[in-house]
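The questions below go through one structure, chain by chain. Each answer ends on the item asked for.

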Amino acid sequence: MNMLTRRLLIAAAASLAIAGSALAQDKSIVVASTTSTQDSGLFGHILPMFKAKTGIDVKVVAQGTGQALDTGRRGDADVVFVHAKPAEEKFLAEGFGVKRYPVMYNDFVLIGPKSDPAGIKGSKDIVAALGAIKAKGADFVSRGDKSGTHQAELNLWKVAGVDIAKDKGPWYKEIGQGMGAALNTASASNAYVLADRGTWLSFKNRGDLVIAVEGDKRLFNQYGVMLVNPEKHPSVKKDLGQQFIDWLVSSDGQKAIADYKINGEQLFYPNASDSGA
Amino acid sequence: MPAELSAFQLVLSGDPALFAIVRLSLVVSLSAVLLAALMGIPLGAWIALTNFPGRQGAIVLLNALMGLPPVVVGLAVYLALSRSGPLGSWGLLFTPRAMIIAQTVLVAPIIAALTRQTIEDLWLEYRDELTAMNLGPLGRVAALIWDARFSLVTALLAGFGRAAAEVGAIIIVGGNIDGFTRTMTTAIALETSKGDLPLAVGLGVVLIAIVIAINALAWTARRAGERLAG
C-alpha cells in the first residue's frame with residue numbers, strides 16, 4: 001500500500017470517528033415533514049420554542065407526505081409529521097409507526113386565475129367546481145408527487161365522479177413537484193390548482209391568482225404525527241422523538257400552533273384533543 | 001432568514017443566517033474539491049503514464065463521468081447512506097458529511113480527467129528528459145504533477161465550479177435542513193418554491209459573486225506562484 005492510499009484511509013477512518021462521536025453527543029432529531037408545514041413558516045415559528053424548552057434541535061426534512069413516509073420507512077427520520085390520514089394508517093399497519101397523534105388541521109383551497117375561465121369563483125362546492133373545470137377543459141396544475149395535497153386532490157376527483165387517470169386531457173398538468181412549484185406554475189400559466197391554505201397565505205408570487213373555492217367541508221386537511229418504530233429501526237431516537245410529539249400535543253405546543261399567524265390570519269388550528277381526527 | 005428583506009439587504013446587514021449558509025456552501029464544496037483532488041490527481045496522473053489493458057476505455061469512461069448527473073449521484077449516495085442501505089450504521093444521511101461525499105463523487109472524475117490530459121501532454125513533451133533522469137514510475141508521477149501544478153489549478157477550479165453550482169445531489173442527501181444542511185443552492189431552490197423570486201435571484205447573484213471572487217483569488221495565487229517559480 002503506498003503512502004497516499006494509507007493517508008487517505010487514515011483520513012477516512014478519522015472523519016468517521018468524528019462523525020460517530022458527534023452522533024453520540026448531539027441532542028437532535030430528524031423530522032420528515034411536508035413542504036406545507038415548512039413553506040408556510042410554521043416550523044420557523046414553533047421550533048425555537050421547543051428548543052428553548054427542551055434543548056432539542058429539530059432538523060426538518062421537508063418533503064411531500066408520500067416521500068416523508070418513505071423516509072420514515074427507511075429509518076432515515078425519527079418522527080414523521082404529515083397530512084394524509086389513509087396513508088398514515090397504512091404506515092402504522094405496516095408496523096413502521098408506533099402511534100398516530102392528531103395535531104392540527106387547516107383546509108385546502110382551490111386557487112385559480114381572476115379571469116375564472118371555469119366560472120366557479122365564490123362557490124363552496126369543490127366537487128361541482130372540479131366538474132366544471134373538467135367540462136370546460138380549464139388548465140389545472142396537479143402536484144403529481146404523492147404528497148398529502150396530491151392524494152387529497154385525487155380523492156376529490158373521485159368524489160366528483162371523474163376518473164382522472166383516464167379522463168385527463170392536455171388541460172391537466174402533473175408537474176411532480178412541491179406546493180410552491182405548483183403555485184408558481186399555476187401563476188405563470190393562469191391555471192387552477194389545489195393548495196393548502198398555509199402555503200397559499202405565505203406564497204408571494206401570486207400574479208393573477210386568487211381563491212376560487214373555499215369552505216367546503218370536504219376540503220378539510222388533518223395533520224398527524226408519529227414516532228418511527230424503534231423496533232424496525234433501532235437507530236430511531238425514541239425518547240427525544242417522543243418528547244417532540246408530547247410537546248406538539250401538549251397545551252404549550254397547541255397554543256404555539258394556534259398563535260402562528262400571517263397578516264393576522266391563523267394558518268393552523270390545533271385539535272390534538274380530538275382523538276378521532 | 002427574514003423573507004421580507006432582499007438578499008442585498010441581508011448581505012449589507014450581515015445577516016448571520018445568510019453567512020451560515022454561505023459558510024456551509026464553501027465548507028462543503030471546498031472539502032469535496034480537496035478530497036476529490038487527493039484521489040483524482042494521482043489517478044489521472046497514473047492513467048496518463050501507465051499502459052494497461054483497457055486504457056482507452058478507461059479514458060473514455062473517465063471523460064464521460066465528468067457529466068455525471070448530480071441527481072443520480074445524490075440518489076445513489078442517499079441509498080448507500082440511508083439507514084436501510086449498506087452504510088446506514090454510519091448515520092451520515094442528512095448531514096454536511098453526506099453532502100461532501102456526494103460532491104466528491106461528482107468532482108473527482110472532473111479533476112482526474114483534466115489531470116490525465118494535462119499530465120499526458122507534459123509527458124509527451126518531456127519524455128526524453130524524464131527518462132534520462134532515471135526516475136521510477138512514482139518519481140515520474142511526482143515530477144510531472146509538480147511541473148503541472150499551475151495548470152492543475154484550472155482542473156481544481158472546474159471541480160469547484162461544478163460543486164458550488166449543483167443542487168440536485170446535496171438537496172437529496174442533505175435534506176435542506178434549516179441551519180444545518182442548507183446551502184446557497186438549496187436555499188435558492190427553497191425560496192423559488194416559496195414564490196419569493198426576488199430573494200431567490202438575489203441569493204443567486206450573491207452565489208455567483210462568491211464564485212467569481214474565489215476564481216479571482218485562485219488566479220492571483222497562480223500568477224504569483226508562476227512569478228516566484230520564474
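Q: Which pattern does chain B follow, read along the sequence?
A: This is a predicted model, in which local features need pLDDT of at least 70, side-chain atom pairs count only at pLDDT 80 or more, and totals for chains, interfaces and linings use all residues. Residues are numbered from 1 along each chain as its sequence is written, with chains lettered from A and ligands numbered from 1 in the order in which they are written. Chain B has 10 helices and 0 strands, where helices (H or I, at least four residues) and strands (E, at least two) are DSSP runs numbered from the N terminus. Along the sequence the pattern is α-α-α-α-α-α-α-α-α-α.

Q: What percentage of the residues in chain B is buried?
A: A residue is buried if 20 or more other C-beta atoms, placed from the backbone, lie within 10 Å of its own. Chain B has 230 residues, and the buried share of them is 43%.

Q: Which residue of S2(A) is the bridge partner of Ser33(A)?
A: Strands S1 (residues 28-34) and S2 of chain A pair in the parallel sense over 7 bridges; pairing requires at least two bridges found by DSSP. In S2(A), the partner of Ser33(A) is Ala62(A).

Q: Why is strand S2 (residues 57-63) of chain A largely enclosed by the rest of the structure?
A: The strand has 7 residues. It is largely enclosed because the number of them that are buried is 6.

Q: Which element gives the most to the side of chain A that touches chain B?
A: The contact (C-beta atoms, placed from the backbone, within 7 Å) takes 24 residues from chain A and 20 from chain B. Helix H1 (3-25), S2 and helix H9 (179-189) of chain A each supply at least two residues of that side of chain A. With 5 residues, the element that gives the most is H1(A).

Methods:
A residue is buried if 20 or more other C-beta atoms lie within 10 Å of its own, exposed if 12 or fewer, and partly exposed in between; C-beta atoms are placed from the backbone. Two residues are in contact if their C-beta atoms, placed from the backbone, lie within 7 Å.
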